[in-house]
Amino acid sequence: MYYRLPLFGVNVKGWLYFGYIGKRNQGIKCLLLLNAILTLVAGILLYIKTDDITNVIRDMFKTAILFNSLVRILFVIRNQEDFVKFMEGIESWYQEFKDDNDDMALEILNRLPKYTKFVTTFGLSFGSVGAVAAGITAVLWQTHIFPIYIPAVDAFESPLIEIINLWQSVTIVPFIMSAYILFTNLFISWLMFGIGLLEILCKKFEQMSSANDAERLRNLKYLIRYHKRIIRYSQKLEDLVALISMVELILFTVMLCFLFVFFLITDNFVDQVATFIYIFSIFYVLFISYWHTNAFSAESLKIPDAAYGIDWAESGPEARKCLLILISRSQSALQICAGGIVPMTLETFQALLNATYSYFTMLRSLMAK
């Protein structure tokens, strides 16, 4: 089964355990979703009721993470058949290479789980550290891990505040870990698999150099179909992540602006450290996604050079025509676009950094006056 592939690690199993895909543990899924929605609504009510704008800016990051996690997992639940079919398609690639005894392809793909396991471990560890930090700051600030307002009840009085924090630590924190971090880990795994497929395609061109014309033509037609499958893989992957990536890009860009404002107006050292951690978390999440999507695009641009490197001068007219078609089609990089509009590349990430730095320096100069 697809969820047993080492490429996915514990990420898909986590989705299965929490009931986001499949039919198991629907009670756990409903509890987590209902609790997340109520916490989000209670957080928005707190922002409406409070008069302290600094606390609103400080705590808005947690609400944004919760909202983003909720959007991600509701999208997964709504389109779970598409996600499952996509991962089953990855499993079918593995099976085809095994059936064909393609040792070269299997060697490349078997290297991927080691890297995706590292990404998974780091992501979960980073999330755990963030959860502990959120708990510590909640104690120091005498507030909740995720800010909420309960009508007609003083939720900041002991022991209610301790009960709420304990409840949030065993419900909201696992929800965000399973909804947000596991999705990011799987997205990286899918990108790494795509990079592996492109690397296999380049290697197959290298293996064609000594083939005769008839065999070369047959191989070229096969590789054209192979490349077309990779293009469809890229398109399906974009369909699964485009909306979520756009929501994240807009939400985190706005949050960076708010966090920089708070960083400049607060004099509390704990607040400054927490804000710095929030800003770093945003940059990390965006960077790791955009780095791998950029690597996927860069690997796709190696196809024309690999195709041109075969012994095309000794090929017949039909083989040359097939080669020309493949080279022409692979001139444009395969890209994953947020919302189908913004390419997820390092250039986009750099543009975000430049805009953030410009905004920060502008605010600092205005406050200095």
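Read along the sequence, the elements run α-α-α-α-α-α-α-α-α-α-α-β-β-α, and the protein has 12 helices and 2 strands. Helices (H or I, at least four residues) and strands (E, at least two) are DSSP runs, numbered from the N terminus. This is a predicted model, in which local features need pLDDT of at least 70, side-chain atom pairs count only at pLDDT 80 or more, and totals for chains, interfaces and linings use all residues. Residues are numbered from 1 along each chain as its sequence is written, and side-chain values use heavy atoms, with hydrogens and water left out.

Start with the whole protein. Its C-alpha atoms fill a box of roughly 80 × 55 × 30 Å along the principal axes. Of its 369 residues, 51% count as buried (under 20% relative accessible area; exposed is over 50%, partly exposed in between; 1.4 Å probe, protein chains only).

Next, select Trp15, Ile90, Phe175, Trp190 and Phe205. These have the most contacts inside the largest nonpolar core, which has 114 residues. Such a core is a set of buried Ala, Val, Leu, Ile, Met, Phe, Trp, Tyr and Cys residues joined through side-chain atoms within 4.5 Å. Now select residues 160-206: this is helix 7, which gives the most to the core, with 24 residues.

Zoom in on Phe175. Leaving aside neighbours within four places in sequence, its contacts (heavy atoms within 4.5 Å) include Tyr20, Leu32, Leu66 and Tyr180.

Finish at Asn165, also placed in helix 7. Asn165 counts as buried because its relative accessibility is 14%. Beyond neighbours within four places in sequence, Asn165 is in contact with Ala138, Thr143, His144 and Ile145.
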